[in-house]
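Good morning, colleagues. Please look at the model on the screen while I take you through a few of its features.

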Amino acid sequence: KTGQILGTRVREVLAEIPDLDTPTPELKLSGKVDGPASEFLRFIELSPVAERIDHFTAGMSATGNGALALKLDMPLAHVVDTRIEGRFRFAGNRLTLANDLPPLMEAQGELMFTGDRLEVKKARSRFVGLPLIVDVLTEPGGAIRARAEGQLNIAALRAQLPHPLFDHLSGTAPFAAQLTVKKKALELRVESGLRGIASSLPEPFNKSASTALPLAIERLPLDAGGQRERWSLTLGDALRLQLQRRLSAGEAVLERGLVALGRRALNPPALPDKGLALVGEFDRLDTDFWRRLFEEGHGGGTPPPVSRLELRANELVLRQRSLHAIELSGRQEGERWRFDIDSREAVGHIDWLPAGKGRLDGRFTLLAIPDGHEAARDATKV
């Protein structure tokens, strides 16, 4: 009538052998199990089912409760051929698929499974405050594929991620995501046309709600064990980002990466051998705006670990002063940065050593510093 498996309660168990006279008698076992969702994940990983589903649930964690209805058909002469059929109902659960992904909240639905197949149809949950409809299916070869559809709502994102970036965005747009897990390697792709979202950010990121600006985010494993991965993000012709990371002791270590902005996003350079490179080409780049946005969003914290810089702009705004027809390149050499500048107002180089209070050395063949946003004075030799 009652029992216990791990931290779950077993009830309504029935075991019967319908025919003892047959040469191949079968034991039919059925029952219901209630308890914490985390215990069901633990049970799966400790049972032979884990091997059959390629340890799909090994890295997951869950809170909340669930209810399982389970049936087993066991050939007594060869129990290894036992057939499994189950339905797991869950409601109000929190499910974490991977440590470096936000959890699914308020998950509710039904998971149907056999010994070699999982399936979820139209489960509902919330991801960073956004409602999702999720389907999960086992594919030939053991891979698990999950598809999700939802609405990218800026107000909901702002409530979950209070970054000043969202003060310049508004509206709602549909998005679709696909997650594939095989042999602990996780692939993720998220796509949206962003039609329905308006942006008042500076060019090239400004847009009306009726205009599309295709967004694609992708995570791909670089080895079978999922210890090295590549993240990429494209935003129309405005941005291309690639990051190659290595997972070590539960933390992600950046090996190399590239951020290409503006016209350089159309034809980005190759990934550097190491470190993070930032390249861009613009008609106008207001570095004051982006500096304020970064400082407000990160509390003046550590900036991204850029080790190489290459920018071109018809106008570059820096500390409320404009430089024109500028080409700026910088590279990190140990703890020191070296910048080469070629513009209408300044030609030369700057060395910056951030240690202590910082030390700035510059050498120019041409330098004319404009006042505020006034037009640049005639350049003079110095």
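I begin with Phe 43, which counts as partly exposed because its relative accessibility is 37%. The model is a predicted one. Phe 43 lies in helix α1, which spans residues 37-46. Together with Ile 5, Leu 6 and Leu 46, Phe 43 makes a nonpolar surface patch of about 350 Å².

Which residues of α1 are buried? They are Ala 37, Glu 39, Phe 40 and Leu 41. The cover over the buried residues of α1 includes strands β2 (8-16), β3 (26-36), β4 (61-63), β5 (65-75) and β6 (83-96).

Pro 23 counts as exposed, because its relative accessibility is 77%. Between Pro 23 and Leu 111 there are 35 Å in space, C-alpha to C-alpha, and the two are 88 residues apart in sequence.

Finally, the protein as a whole. Its secondary structure comprises 4 helices and 23 strands. The radius of gyration is 28 Å, well over the 21 Å that the globule rule gives for 382 residues, so the protein is more spread out than a compact globule. Along the principal axes, the C-alpha atoms fill a box of roughly 105 × 40 × 35 Å.

Of the 382 residues, 37% are buried. The accessible surface comes to about 22000 Å², and carbon and sulfur atoms account for 54% of that surface. Among contacts with a separation of 6 or more, 38% are between residues 24 or more positions apart.

Thank you for your attention.

Note on methods:
Residues numbered from 1 in each chain as written. Predicted model: local features only at pLDDT ≥ 70, side-chain atom pairs only at ≥ 80, totals over all residues. Heavy atoms only, no water. Patch = residues over 30% accessible without salt bridge, like charges linked within 9 Å, V, L, I, M, F, W, Y side chains within 5 Å. Areas by Shrake-Rupley, 256 points an atom, 1.4 Å probe, with all protein chains shown as cover. Salt bridge = Lys/Arg side-chain N within 4 Å of Asp/Glu carboxyl O. Helix = DSSP H or I, 4+ residues; strand = E, 2+ residues; numbered from the N terminus. Buried < 20%, exposed > 50% of the residue type's maximum accessible area, 1.4 Å probe, protein only. Contact = heavy atoms within 4.5 Å. Rg over C-alpha atoms; globule rule 2.2 N^0.38 Å.
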